[in-house]
Amino acid sequence: MWASLLKKTFSVVCPGTITRILGLLSTLMTAVLVCSLFGALTAARDEAPALPRAAQEQMDSLASRLAEQIRHSKIDPAYPKILVIDFSNASDKQFSKLGSLLADDLAQSLSGYASGFQVQDRKAFSEYLKQNWMGLDDLQSEAVCLTLARSMGGAGVVRGTIETDANQQLRVNLRIDGIGSDWSGDAQFALTDVLQQLLKQPALSFARSPETIPAEPGILQPGVDGASLPVCVFCPSPDYTDLARTAKYRGTVELSLIVTKDGAVNSVMVLKGAPFALTQKAIDAVQKWKFKPAKLHGQSVPVRVPVDIEFQLY
């Protein structure tokens, strides 16, 4: 897949000066590290957009009401966590950077009101998406979100939608799934220029396009380099996982793989993954596939091809 080389540099130092040099280097490195960390933290604070004061007050009030509702619900003590999912647009169900910002803000505010329950670390949720090469598009289903929350030790999930009106007001609507009776709450505040720009930007996705794969000497691309397409002659389907069945998940894992001149598969790369360990199931399946190799001028040649593995329950 990807490989990197760790380069080590060795220097020869006169024994009589080694102690003094090491002391100076230690002091210098400490100063540089402190400055670097301070600069990084400052940059992070500067880059993270803050909600206007009126908007923050509304979100804090919403978090307080949400916390009160959760406390009155019956939560299994063994699964005390609540997962806050990124908010989607009410109109088209798509996810934006604003939806992610508001979900982060609500989770942080909700943590301050938490009593008898915990709020799942949003960084752990982001790491889950990263490890599975996912975007947020697969999380539009209540069953998928709830199953994911419970797989991470949660009792329930908070989902939200955002919408705007003609008066440039932004409304956040929340609901809880998985605990107690149905509940919904909302907050409303002005849509500033900064918030509007975030609303227009798609949320972060860890999926990638085929163009990000670097050139590989000797590996051709069918239809581009004149080689024919390989033909799969043994293509067993991947297995579903129990969690995917519970969530009734339907979706596609997008892979890129090399079919060798012998018709075998190697160098499998994930372009877009899926939750519930289905990404690994797809990789395991294609590694067993056998092909009639691609041809160029009558000779078998290795090629890299995209493959979509569709998961559906019938």
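**Charged partners and a greasy patch**

Let's start with Arg-304, which is buried, with a relative accessible area of 9%. Before going further, keep in mind that this is a predicted model.

So who does this arginine pair up with? The side chain of Arg-304 meets that of Glu-216 in a salt bridge, at 2.7 Å from N to O. This pair links distant parts of the chain: Glu-216 sits in the loop between helix H6 (193–200) and E7, while Arg-304 belongs to strand E13 (residues 303–311), 88 residues apart.

Searching the whole structure turns up 10 salt bridges. Another one joins Asp-86 to Arg-122, where the closest N and O atoms are 2.9 Å apart. Here, too, distant parts of the chain are linked: Asp-86 lies in the loop between strand E1 (81–84) and strand E2 (88–89), and Arg-122 is in helix H4 (residues 122–131), 36 residues apart. Asp-86 and Arg-122 are both buried.

Next up are Arg-171 and Asp-186, whose side chains form a salt bridge (3.1 Å, N to O). Look for Arg-171 in strand E5 (residues 169–177) and Asp-186 in strand E6 (residues 184–190); they are 15 residues apart, and the pair links distant parts of the chain. Arg-171 is partly exposed at 29% relative accessible area, and Asp-186 is partly exposed at 34%.

Salt bridges can also join up into a network, and that's what you'll find with Glu-142, Arg-159, Arg-175 and Asp-177.

Now for a charged residue without such a partner. Head to helix H3 (residues 97–113), where you'll find Asp-105. Asp-105 is buried but has no salt bridge. Which side chain of opposite charge is nearest to Asp-105? That would be Arg-122, at a distance of 11 Å. What does Asp-105 touch, then, once its neighbours within four places in sequence are left aside? Its contacts are Leu-51, Gln-56 and Met-59.

Val-231, Val-233 and Phe-234 make a nonpolar surface patch of about 280 Å². Val-231 is part of strand E7, which covers residues 231–234. With a relative accessible area of 45%, Val-231 is partly exposed, and because patch members need over 30%, Val-231 clears that cut-off.

Definitions and conventions: Residues numbered from 1 in each chain as written. Predicted model: local features only at pLDDT ≥ 70, side-chain atom pairs only at ≥ 80, totals over all residues. Heavy atoms only, no water. Helix = DSSP H or I, 4+ residues; strand = E, 2+ residues; numbered from the N terminus. Buried < 20%, exposed > 50% of the residue type's maximum accessible area, 1.4 Å probe, protein only. Lys, Arg positive; Asp, Glu negative; His and termini not counted. Salt bridge = Lys/Arg side-chain N within 4 Å of Asp/Glu carboxyl O. Contact = heavy atoms within 4.5 Å. Patch = residues over 30% accessible without salt bridge, like charges linked within 9 Å, V, L, I, M, F, W, Y side chains within 5 Å. Areas by Shrake-Rupley, 256 points an atom, 1.4 Å probe, with all protein chains shown as cover.
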